[in-house]
Amino acid sequence: MEQYIDIAKSEYRKFLSQEENSTGKKWSYSYVYFLEDLKLIYNLLCDNTIRTIPQLLNVCNTYNIISKSGKKWTSRNLLEIVNALKNFGLISINDNKPININLFCNNQDSLAEQDIKIFKNIYISYFRFREFHRLFITREQQLSLEVLCNESNPIYSFSSYGRFVNNFMIDYGNYKHIIEIDSKDSEIMRFWDVYIKWGETLNLIEKFPLKAWGIHFIPSVKSLNIVYFKKTMPINYSIFDFIDDECYSDYIYIPDIIKSLITKERFALEDIKSKLVDECINMPDRYRAQSTSAIFVQKKEEFLFPLMGNTYITHLLKLS
């Protein structure tokens, strides 16, 4: 069933960001999407003979070192990485010297556990990321990774014009409002994409299109998604118990369960689907899985259905 939510009369607030400096230049917005690239260039700078952009470019060309995106490095791309490393306090401002040559655990392209920990610290502490973190919690809550993962709220992001997200609906039940990025602040809108990419790479954030649930805003908007910090599902958690408590009907559409679990519990989608399959197999006397062939599943909602064997579970039938 399609659902339309009227936001025409919503309360709008301005997205507040810290001023940079008297020149108005936005140097603190680093548009680096791949953490592997930051690690790579940092490790190259750990060589005392490599400190400048031309030196970095020469090494990359000589040894055919490419970026995580698969593209060859350019002076401009390298400068973006170096400026980001400066913003994050990993190298010195003047001579590009790394703070610690052993910061990252190895020279491999992939991110090791130690690397992930370093980038999580940057993600939670860097002030430009923190400005977006505040969207997920109330003013009274202290901002920390623990609070974001255990006590935050989902938000709804969308674009009212252009290709960048510029609005966020904050929903506290009976209290809703929209936070809007000013049209002149395109650098903030672009940085939201970086924020999401980091959050997904660090396995902290999930983002899904609301059209998968048939949800639309009026007036029409683009790129409407639900975004949330994932909370770990307890080992003994029961989705069947959750369904009983929520008073669903005897015939239950799986995406409806998933949306409730995401908005109320903030569990990871794959954890939800895995638990559903597990409970259908181990507790067949409570709910029976109703499956269908992939040809009958719409593309926009396919990712919401758990796979059991070669078929998708689309509904649950209550038995007791």
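What follows is a chat about the sheet and the salt bridges in a predicted model.

Biologist: What order do the strands of the open sheet come in?

Modeller: In this predicted model, the order is β2-β5-β4-β3-β8-β6, six strands with mixed pairing.

Biologist: Which strands stand at the edges?

Modeller: β2 (12–14) and β6 do. Each has a single partner strand, so one side of each has no neighbour in the sheet.

Biologist: And what does the twist average from one strand to the next?

Modeller: The average is 30°.

Biologist: How many bridges join β2 to β5?

Modeller: Three, and the two strands run parallel; β5 covers residues 175–180.

Biologist: Which strands does helix α9 lie across?

Modeller: Helix α9 (residues 254–264) lies across β3 (155–159), β6 and β8. The helix runs at about 60° to β8.

Biologist: Changing topic. How many salt bridges does a search of the whole structure find?

Modeller: The search finds 12. One of the pairs is E206 with K230, where the closest N and O atoms are 3.8 Å apart.

Biologist: Where in the chain are E206 and K230?

Modeller: E206 is in strand β6 (residues 205–209), and K230 is in the loop between β8 (222–229) and α8 (239–245). The two residues are 24 apart, so the pair links distant parts of the chain.

Biologist: Is E206 buried or exposed?

Modeller: E206 counts as buried, because its relative accessibility is 12% and the cut-off is under 20%. K230 is buried as well, with a relative accessible area of 15%.

Biologist: What about E11 and R13?

Modeller: Their side chains meet in a salt bridge, 3.0 Å from N to O. E11 is partly exposed, with a relative accessible area of 38%. R13 is also partly exposed, at 28%.

Biologist: Which residue does K273 meet in a salt bridge?

Modeller: K273 meets E270, and the N to O distance is 3.2 Å.

Biologist: How many residues apart are they in helix α10?

Modeller: Three, so about one helical turn separates K273 and E270 in α10 (residues 269–282). K273 is buried, with a relative accessible area of 11%.

Biologist: Which residues do salt bridges with shared partners join into one network?

Modeller: D241, D244, R286 and K318.

Notes: Residues are numbered from 1 along each chain as its sequence is written. This is a predicted model: local features need pLDDT of at least 70, side-chain atom pairs count only at pLDDT 80 or more; totals for chains, interfaces and linings use all residues. Side-chain values use heavy atoms; hydrogens and water are left out. A salt bridge is a side-chain nitrogen of Lys or Arg within 4 Å of a carboxyl oxygen of Asp or Glu. Buried means under 20% relative accessible area, exposed over 50%, partly exposed in between (1.4 Å probe, protein chains only). Helices (H or I, at least four residues) and strands (E, at least two) are DSSP runs, numbered from the N terminus. Two strands pair if DSSP finds at least two bridges between them. Axes are lines fitted to C-alpha atoms, for helices over the stretch in contact, and angles run from 0 to 180 degrees between N-to-C directions. Contact means heavy atoms within 4.5 Å.
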